[in-house]
Amino acid sequence: MSSEELACKLQRRLRLETRAETHQDSPQAAPCTAPAGHREPEPPAPAPTVSADSELNLKLSSRLNIHQGAVRSRRSKVFNPYTEFPEFSRRLLKDLERMFKTYDAGKDGFIDLMELKLMMEKLGAPQTHLGLKNMIQEVDEDFDGKLSFREFLLIFHKAAAGELQEDSGLLALAKFSEINVALEGVRGAKNFFEAKAQALACSSKFEAELKAEQDERKREEEARRLRQAAFRELKAAFSA
């Protein structure tokens, strides 16, 4: 089905929905008794309001953009950083997530332009307003003018792959952050693609790191239990 046919069908459907909503919202007049043999003329169909037309155009544009692939549907799939960025270790992904949350001042799951401005200033690489907008546009997959966590990871993905220009603000972000992507993310491989092949070959790497974290928590809990037992013994000795 062509885009023109889809647009026509969506236009007709949305106009019918708008007309039905207008009829439902309009107050119903009380029925009156008309003289015998007199037939009331049918009222003309109400013309859609300016606000309804604007809403209709927004819905139509959004659906067409998704259909043509210009915008990714947010409900398409659940983002899993461990499967989409296998070249990054579990520890590195956690460090990047911690950094993202630090600068997500609004706690809405996004870094907007002002939050990115503050981030670059704290990293010692301040950018102009236009430079900040260009940084977001380089990785803004859904064209919403802000960085999601996936788009934030794309910055370091592109930096490790050598896909960023030397004068790019995103490259400055990756360089000035305290996270060594070249060493931790690709584990010192000669290039990004060799590192990706190594990461895919090590299928048990994720499970090994997870088990190491669990063992570390168990050791901490055991040490805490021993300290509490020693404190109780000491307290009992003083009480005796």
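User: Which residues does UniProt list for "domain: EF-hand" here?
Analyst: The unreviewed UniProt entry lists residues 91–126 and 127–162; such annotations may be inferred rather than shown by experiment. Bear in mind that this is a predicted model, where local features need pLDDT of at least 70 and side-chain atom pairs count only at pLDDT 80 or more, while totals for chains, interfaces and linings use all residues. Residues are numbered from 1 along each chain as its sequence is written, and side-chain values use heavy atoms, leaving out hydrogens and water.

User: How much helix and strand is there over residues 127–162?
Analyst: That stretch is 67% helix and 0% strand, with helices taken as DSSP runs (H or I, at least four residues) and strands likewise (E, at least two).

User: What makes helix 6 roughly perpendicular to helix 8?
Analyst: Helix 6 (residues 129–139) and helix 8 (residues 169–176) pack at about 85°. Roughly perpendicular covers 65 to 115 degrees (under 35 is roughly parallel, over 145 roughly antiparallel, the rest oblique), so helix 6 gets that label against helix 8.

User: Which residues meet there?
Analyst: M135, E138 and V139 in helix 6 meet G169, L170 and L173 in helix 8, where contact means heavy atoms within 4.5 Å.

User: Why is E84 called partly exposed?
Analyst: E84 sits in helix 3 (residues 81–84). Buried means under 20% relative accessible area and exposed over 50%, with partly exposed in between (1.4 Å probe, protein chains only). E84 has 23% relative accessibility, so it counts as partly exposed.

Notes: Axes are lines fitted to C-alpha atoms, for helices over the stretch in contact, and angles run from 0 to 180 degrees between N-to-C directions.
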